[in-house]
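Here's a quick tour of a protein model, written for someone who likes to see which residues touch which. Have the viewer open as you read.

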Amino acid sequence: MKLQRKNRLRATALGALAVSGALVLTACGSDDNTESTTSGDKTAAASSIKCDDAKGQVLAAGSSAQKNAMDLWVKNFQQACAGVEINYQPIGSGGGITKFTQGQVAFAGSDSALKPEEVTASEEVCKGGKGINLPMVGGPVAIGFNVPGVDSLVLDAQTLAKIFDSKIKKWDDKAIADLNPDAKLPSTAIQAFHRSDESGTTQNLNKYLKAAAPAEWNYDDSSKSWEAKGGQAASGSSGVASSVKDTEGAIGYFELSYATASNLTTVKVDTGAGGPVEATTENASKAIAAAKVKGTGNDMALELDYATKAEGAYPIILVTYEIACDKGNKAETLPSVKAFLNYTVSDEGQKVLSEAGYAPLPTEIAAKVREIVPTLS
C-alpha cells in the first residue's frame, strides 16, 4: 500500500471510529441476546447472504468475547446456506491462535492481533502466505468488584497494577482511600481474580497497565497468559465474573457485558483527565478513536492508545479480530470461509451486531476488510 493511501485510510478510519456506534462485547455464557435479536428483519438479512460455493464443515475457534456474535452469524448463515456448518469453539484467543497455527481450524478469533512469532508459525499452514488480522468488533474491558458497602470505586493504573500484583492487599489501603475519600472502605482482604486460560482480554489489560503504569507493572505486555504474582485463576471471562460475584472482597477483569449480566459494579478509572472515566461503550469508543492501522498490506491490525488522557476516554479497551490465511487456505474450506466472512463484515452482518448490542465496524475499516476477504486464496 502506498504511504499516501495508507495515511488517508488511517485518517478516515480514525474519523469513522470517533463517530462509530457504541462498542460492547457480549457475555459468552448467555443466550438471551441471541434469542432477542433473531426476529423482525433478520430473515431479510439472511436472505441476502451470498453462499457462493460454500459447503461442508468449517472449524473455527478462539475469543469467547465474540461467542454471541458468532452464534448470530452462524445461525443466519446456515439458514441461508444449506449444507454448510460453521463450528466455532469459544476456547479463548490463545487457544484459537494455537489451533490456527497448527492447522486445526480454518480461522481463529482473537482479542489481540497476532504476534510476530505467531505470524511466522502461521506460514507453516498458510502455504505461500501468512495469517492476517481482520477486525470485527471492539469494546471496553471492565474492572468489576464486590466490596459490600462500596457502590462506587475509583482506581488509577498504578493502584490497579499493585492490586493485581498482590502489592496492595486490603481494601482500606491508603492508596485506594486517597482515590476514594468519601467511600467507607472495609479492611477486607482483596481477592484478585484473573484468567487461567490464554486470553486476548488478559493481554489488553497487560498492555494498559504497562502503558499507563510502567514502573509498577513489570510483566510482558505481549503475553496472553497471566504472569503477575498471587491472585486466583478462573476459566474464561464468564468464570472470572462469576468468581467476583460470589466472593466478598473480589476484583477481576472481563468484557463489560459480563459485568452487566452478573450485576457487578465496575471501577471508574482515573486516567489523569478532568475526572474519572466509567467503563461504558461510549467512553471506550472515544479511546478506540485514537487507534492507528499498524498492519501492512492486507493485515488490518490496529494500534490502540492505552495511555490516553483524553476527556471521557476509557483506556482499557480491546478489538476482536478474525484471523485467516491470506494465501494457502485449504481448498475444501476456502469457499465457505470467504462466504462466511463476507457475510460477517457485510452491511447485513454488521447490522446484526448493532441489534444485539455489539458495535458495527467503522465505515472505512469495514470497507477495507470487505476488499480483503474476497482476495483470500
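Start at F164: setting aside neighbours within four places in sequence, this residue is in contact with I143, A192, F193, L205, W217, W226, A228, K229, I251, G252 and Y253. Keep in mind that we're looking at a predicted model.

As general background, nonpolar side chains in soluble globular proteins tend to be buried together.

What about the rings? The aromatic pairs come to seven in total. One of them joins F77 and F340 in an edge-to-face arrangement, with 5.4 Å centre to centre and 80° between the planes. F77 sits in helix 4 (residues 67-80) and F340 in helix 13 (residues 334-344), so this pair ties together parts that are 263 residues apart in sequence. Both F77 and F340 are buried.

Now over to strand 13, residues 317-325. How many of its nine residues are buried? The count is nine of nine. In a regular strand, side chains alternate between the two faces of the sheet. For strand 13, one side carries I317, V319, Y321, I323 and C325, while L318, T320, E322 and A324 are on the other, and all of these are buried.

Strand 13 has antiparallel pairings with strand 3 and with strand 4. Here's how they line up:

| Partner strand | Bridges to strand 13 | Example of facing residues |
|---|---|---|
| Strand 3 (residues 107-110) | three, antiparallel | A108 with I323 |
| Strand 4 (residues 131-146) | nine, antiparallel | G131 with C325 |

S110 is worth a click, and you'll find it in strand 3. Why does S110 count as buried? Its relative accessible area is 0%, and the cut-off for buried is under 20%. A polar atom of the S110 side chain lies 2.6 Å from the backbone oxygen of S112. Leaving out neighbours within four places in sequence, S110 is in contact with S63, S93, I97, K224, V319, T320, Y321 and I323.

L376 counts as buried because its relative accessibility is 2%. L376 and C325 are 51 residues apart in sequence, yet their C-alpha atoms are 7.0 Å apart in space. C325 is also one of the contacts of L376, along with I132, A324, D326, N329, L334, K338 and L341, again leaving aside neighbours within four places in sequence.

Zooming out, the protein chain holds 15 helices and 13 strands. Buried residues make up 56% of its 377 residues. Of the contacts in the chain with a separation of 6 or more, 76% link residues 24 or more positions apart. The chain exposes about 14800 Å², and carbon and sulfur atoms supply 47% of that area.

Notes
Residues are numbered from 1 along each chain as its sequence is written. This is a predicted model: local features need pLDDT of at least 70, side-chain atom pairs count only at pLDDT 80 or more; totals for chains, interfaces and linings use all residues. Side-chain values use heavy atoms; hydrogens and water are left out. Helices (H or I, at least four residues) and strands (E, at least two) are DSSP runs, numbered from the N terminus. Buried means under 20% relative accessible area, exposed over 50%, partly exposed in between (1.4 Å probe, protein chains only). Contact means heavy atoms within 4.5 Å. Accessible areas come from the Shrake-Rupley method with a 1.4 Å probe; for residues, only the protein chains shown count as cover. Two strands pair if DSSP finds at least two bridges between them. Rings of Phe, Tyr and Trp (its six-membered ring) pair if their centres lie within 6.5 Å; planes under 30 degrees apart count as stacked, over 60 as edge-to-face and the rest as tilted. A polar contact is a pair of N or O atoms within 3.5 Å; within protein, one must be able to donate a hydrogen and the other to accept it, and residues adjacent in sequence count only if both atoms are side-chain atoms.
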